[in-house]
There are 2 protein chains.
Amino acid sequence: MDIAHPYLMFLGDAPDQLAAKTAQGVAQWRPEWCVGQFRLPGCRADLGLTDMTMEEAAEAGVKTVIVGVANRGGRISTEWIDVLDRALQLGMDLASGLHKKLADVPMLKAAAEEHGRQLFDVRHPTEDFDVGSGVARSGKRLLAVGTDCSVGKMYATLALEAEMRRRGMKADFRATGQTGILIAGSGVSIDAVVADFISGAVEWLSPENEPDHWDLVEGQGSLFHASFAGVSMGLLHGAQADALVLCHEPTRSHMRGLPHYPLPDLKLCMARNLEAARLTNPQAAFVGIAVNTSGLSEGEGDDLLKRLSDEHGLPAVDPVRTGVEAIADRLQGI
Amino acid sequence: MDIAHPYLMFLGDAPDQLAAKTAQGVAQWRPEWCVGQFRLPGCRADLGLTDMTMEEAAEAGVKTVIVGVANRGGRISTEWIDVLDRALQLGMDLASGLHKKLADVPMLKAAAEEHGRQLFDVRHPTEDFDVGSGVARSGKRLLAVGTDCSVGKMYATLALEAEMRRRGMKADFRATGQTGILIAGSGVSIDAVVADFISGAVEWLSPENEPDHWDLVEGQGSLFHASFAGVSMGLLHGAQADALVLCHEPTRSHMRGLPHYPLPDLKLCMARNLEAARLTNPQAAFVGIAVNTSGLSEGEGDDLLKRLSDEHGLPAVDPVRTGVEAIADRLQGI
């Protein structure tokens, strides 16, 4: 999978800004790839990009139309299909982060074949993976792990990619979720891989590389999440990470989606992640803590970061408020 | 999935006894279901059952023909297809533990539809699972965990089912691998489930039950196996086990398939399995150790079992040599 840019962001008839969250993530992290947006009548999302027709997008050199929106009912509506079909006719590819596959819409499948275009359903891996080999490989890797799901792993990893590239370091974000894949233009939706191949898929995603090259692997879930820990464990073993970053959201009262489960103790969470990582890379070490402090006042956030840094002897940052420079400093020393 | 018995065991043109390992497991654990075997010319496997034609099997009341054999190249050969097609015509279902699906053979798919018969490809789950909820459920559950893959988890669990039923306890083996599924007549090939749904599939497999009923869940892999630990972790969280049995093979010099990985320390392995199990069931405890001592002399085996029992304060048995009574004793007290 290699999604060509520039992109046109298809927002459809998104009922609100939240429905276009995926598109917003792409526009935030890859503004240079996003030349415009397409909105149907009634759309209430806005990325602040130039509104374009499909004809204008093709004219502007767009290679791929990104369906980065959840619509009502999770289906691909007839209004969408006509417009997306037009994009294929004009020579553009389609990429979607929806559960429902573009390739399962007969009209789009036929149009893609007729016009020699590609349909990327990024939630649905098409690669045949091997089982994980556990064999050591060259290059350096970082993995974001979390106390819970949705605590900022993708954000922290992308912020590190930006900061490391700014310093001239070789760093590539490796996406494991649908928004990340649209941002990277490639990747594996790791929670959609067959269970036997989780760690093998991560090995495939972050293969051997130059000794001073960093793959920054987007984490998923948490070892302490009763629904998804298997995915997190396979990620730890497959990544063979040299460096781990713990991601945390301090205002959460319970594990996401599990109201009867409290968040894990941070020390225990780090110890278990480190031990699992060391099974396949004995050099693994934590290099920092990334906290989403948006639910705290600035003073509370600063206090928390200082306390966590002191307690764990690691840089503790909020990627949005403070940036990730302190973690990048550590990585330069590895 | 509910595979009807009695069974006819289809051995095809198995080049040796090992190729019929799956069929042999079924014949060993469910002899009362296996009324005969079918062998093509050149077959070198033998389950010691009456050889039958498809006509004789149908006459004898066989409900399902079990393809419990790996053939040369992993394919379903033309010779097989003609015979299996005949079975469908005679009103019998087919169940297979092969990677290659019966349902992907056009002639068999068409014949099954025409005659209203079922094709069970037990390695390929067809159920739509939910993600794990982690919600506590009634009934008791036991899970077999291991230091490695293929260390006797299925055998230990089936031996416990037999012993507990002999004592009048309510106990059901819950299969998570293809041989186990053919033995149980139902189950989920857990390593073939989409990664997001591992623990959810185990919750589905061992649902709430009477307070004194035991589900004996077949384990897979090992938390310390770099290829498959994600599956083992999801099994631990989904099973909500009250009781764990550690399975071990003492002569193994490295993890199966990973020559550069040693086996884990038993104490550490037990501690981590217990901790993961307690995330979803705080009452979880080890009730025994099941060791495959077939690679040791009888004296060495006895010494090892005694040493393990003393070290861990638990019954240590070899399900084949000593039986599992000592573990069943413990379970009667829970």
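Tutor: Arg137(A) sits in the loop between strand S5 (119-121) and strand S6 (140-146) of chain A, and in this predicted model its relative accessibility is 14%, under the 20% limit, so that Arg137(A) counts as buried. Leaving aside residues up to four places away in sequence, Arg137(A) touches Val202(A), Glu203(A), Ser206(A), Pro207(A), Glu208(A), Gly238(A), Ala239(A) and Gln240(A).

Another of the partners touched by Arg137(A), Gln240(A), lies in the loop between helix H8 (229-239) and strand S9 (243-248) of chain A. Gln240(A) counts as buried, at 2% relative accessibility, and its phi is near 45 degrees, a positive value in a residue other than glycine. Most residues other than glycine have a negative phi, and most peptide bonds are trans. A positive phi is also found at Ser150(A), near 50 degrees, in the loop between S6 and helix H5 (153-166) of chain A; Ser150(A), however, is partly exposed, with a relative accessible area of 47%.

As for peptide bonds, the one joining His5(A) and Pro6(A) is cis, with omega about 5 degrees, and Pro6(A) belongs to the segment before strand S1 (7-12) of chain A. In chain B, a cis bond runs from His5(B) to Pro6(B), with omega near 5 degrees, and Pro6(B) lies in the segment before strand S1 (7-12) of chain B.

Turning to the helices of chain B, H10 (residues 298-312) has 15 residues and reaches 21 Å from its first C-alpha to its last, close to the 21 Å expected. Gly301(B), Leu304(B), Leu305(B), Leu308(B) and His312(B) are buried in H10(B), and, seen down the helix axis, the buried residues fall within an arc of 100 degrees, so they line one face of H10(B). Their cover includes helix H9 (266-280), strand S10 (285-291) and strand S11 (316-317) of chain B, whereas the face turned away from the buried side carries the exposed residues Asp303(B), Lys306(B) and Asp310(B). After H10(B) comes Gly313(B), whose phi is positive, near 65 degrees.

Elsewhere in chain B, the axes of helix H3 (residues 78-89) and helix H4 (residues 106-115) come within 9 Å and cross at roughly 10 degrees, and H3(B) and H4(B) are therefore roughly parallel to each other. The residues of this contact divide into seven nonpolar, two polar and two charged.

Conventions. Residues are numbered from 1 along each chain as its sequence is written. Chains are lettered from A and ligands numbered from 1 in the order in which they are written. This is a predicted model: local features need pLDDT of at least 70, side-chain atom pairs count only at pLDDT 80 or more; totals for chains, interfaces and linings use all residues. Side-chain values use heavy atoms; hydrogens and water are left out. Helices (H or I, at least four residues) and strands (E, at least two) are DSSP runs, numbered from the N terminus. The expected span of a helix is 1.5 Å times one less than its number of residues. Buried means under 20% relative accessible area, exposed over 50%, partly exposed in between (1.4 Å probe, protein chains only). The arc is that of the directions from the helix axis to the C-beta atoms. Contact means heavy atoms within 4.5 Å. Axes are lines fitted to C-alpha atoms, for helices over the stretch in contact, and angles run from 0 to 180 degrees between N-to-C directions. Angles under 35 degrees count as roughly parallel, over 145 as roughly antiparallel, 65 to 115 as roughly perpendicular and the rest as oblique. Ala, Val, Leu, Ile, Met, Phe, Trp, Tyr, Cys and Pro count as nonpolar, Asp, Glu, Lys and Arg as charged, and the others, Gly among them, as polar.
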